[in-house]
Amino acid sequence: MSRQSVNPELGGGTPDSPLLPLEEARRRMYGALGRIEEVERVSISDALGRICAEDVVSPIDVPGHTNSALDGYAVRGDDLARSGDKALELIGTSWAGKSFPGEVSAGEAVRIMTGAAMPRGADTVVAQEQAESDGSHVRIGAGHRRGQNVRQVGEDLARGEVALAAGLRLMPAELGLLASLGLGQIAVRRRLRVAIFSTGDELRDAGEPREDATVYDSNRFTLHGMLTRLGAEVLDRGIVRDTRDAVRAAVLTAAGEADVVISSGGVSTGEADFVQDVLAGLGEVVFWRVAIKPGRPIAFARLADTLFFGLPGNPVAVMVTFYQFLQPALLRMMGVADPRPVPLMKAVAASRLEKRAGRTEFYRAVLERDERGELVVRRTGRQGSGVLHSMSEANCFVILPDDCETVEAGTTVDVQPFFGLV
């Protein structure tokens, strides 16, 4: 899998390494990223969420003919009244898809529909609600200007102009734009292949019997949903037992079939946590612990041409680390030219948020307006990294930076809305 290039000048990480600040961990991660280069052509009906692989140049002018922006009357600008009213003779109708065949001369007007071609001689459209017609004449008052309500040839896009730039993620507006150009297919980068597995003897799959001291594995399903939403091809490799050999075999198998491997669990310092040890023997660990909460134990490694993310086992930590690390990284690998983070907002904390300096913390919270219309944010109850319903109930993160300490109610804080993020 020679599709990725990496930066060889990155440091490693060990269990004894100091906690990396959030921005430094991101910098190291971004330096190791390559990009999917393979390109395929797909129907525009199958292109939602895909990444445009090359500039799309418009083969036509859009619109292709000068037309009316609304229902009304096509007239000559010279015939507009400067004061009072003016009556013009109606000589026909220009329909959308069926142009008026004649020419508008002085003192004449043509009934015209939205999108219909402008008749020869006319250069202005008066809205139907701003005119009075008796069927043979139309009376138009003063206050109109030449050229109003007319869409010119190529006003939206000119032939030969770049309509969509390479690296753009195709959303509904882009699909409609492609269709408006008469393009039925588009070149996109192939989907990023991501293999996922969970580690832990205590894990059971949903639907299986659950014995004492076992829990159902939620992380793979959360990851599957987040990756699918992102547009990746997901390879679910199930649950891996807590032995070094089993973890090593799972990592090697997944690395042989995917661009990125994501595991959950087994990255801490417990006696049954083997992920970091296995990674150190197979490749280069770029970092292992990051100064964030939740999600401090997060491993990032390079295994030849494959990148590996070892996420914590706690469900909320999986989601926080995915959105703060993996999502922007995967978008870059997918070929997105500018994977901008969701802009932060300012809101007032409704309650005390406890924190100690030296790490960035992500509170799950609800952003809303109070009775005065001001933005306030309240946390969603208990914030333990295993309390998954705290994410389900939330609509934003409150982000408290590493140099911040406990903030009191009434303090203005940074908020990252989920809209556009999840």
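How many bridges join strand S22 to strand S26? The two strands, S22 at residues 345–349 and S26 at residues 412–417, run antiparallel and are joined by 4 bridges.

## Basis of the model

This is a predicted model, in which local features need pLDDT of at least 70 and side-chain atom pairs count only at pLDDT 80 or more, while totals for chains, interfaces and linings use all residues. Residues are numbered from 1 along each chain as its sequence is written, and side-chain values use heavy atoms, with hydrogens and water left out.

Strands pair if DSSP finds at least two bridges between them; strands (E, at least two residues) and helices (H or I, at least four) are DSSP runs numbered from the N terminus.

## Helix H2

In helix H2 (residues 172–180), Glu174, Leu175, Leu177 and Leu178 are buried, that is, under 20% relative accessible area with a 1.4 Å probe and protein chains only, whereas exposed means over 50%. Seen down the axis of H2, these buried residues fall within an arc of 160 degrees (taken from the directions from the axis to the C-beta atoms), so they line one face of the helix. The face turned away from the buried side carries the exposed residues Pro172 and Ala173.

Just after H2, Gly182 takes a positive phi of about 80 degrees.
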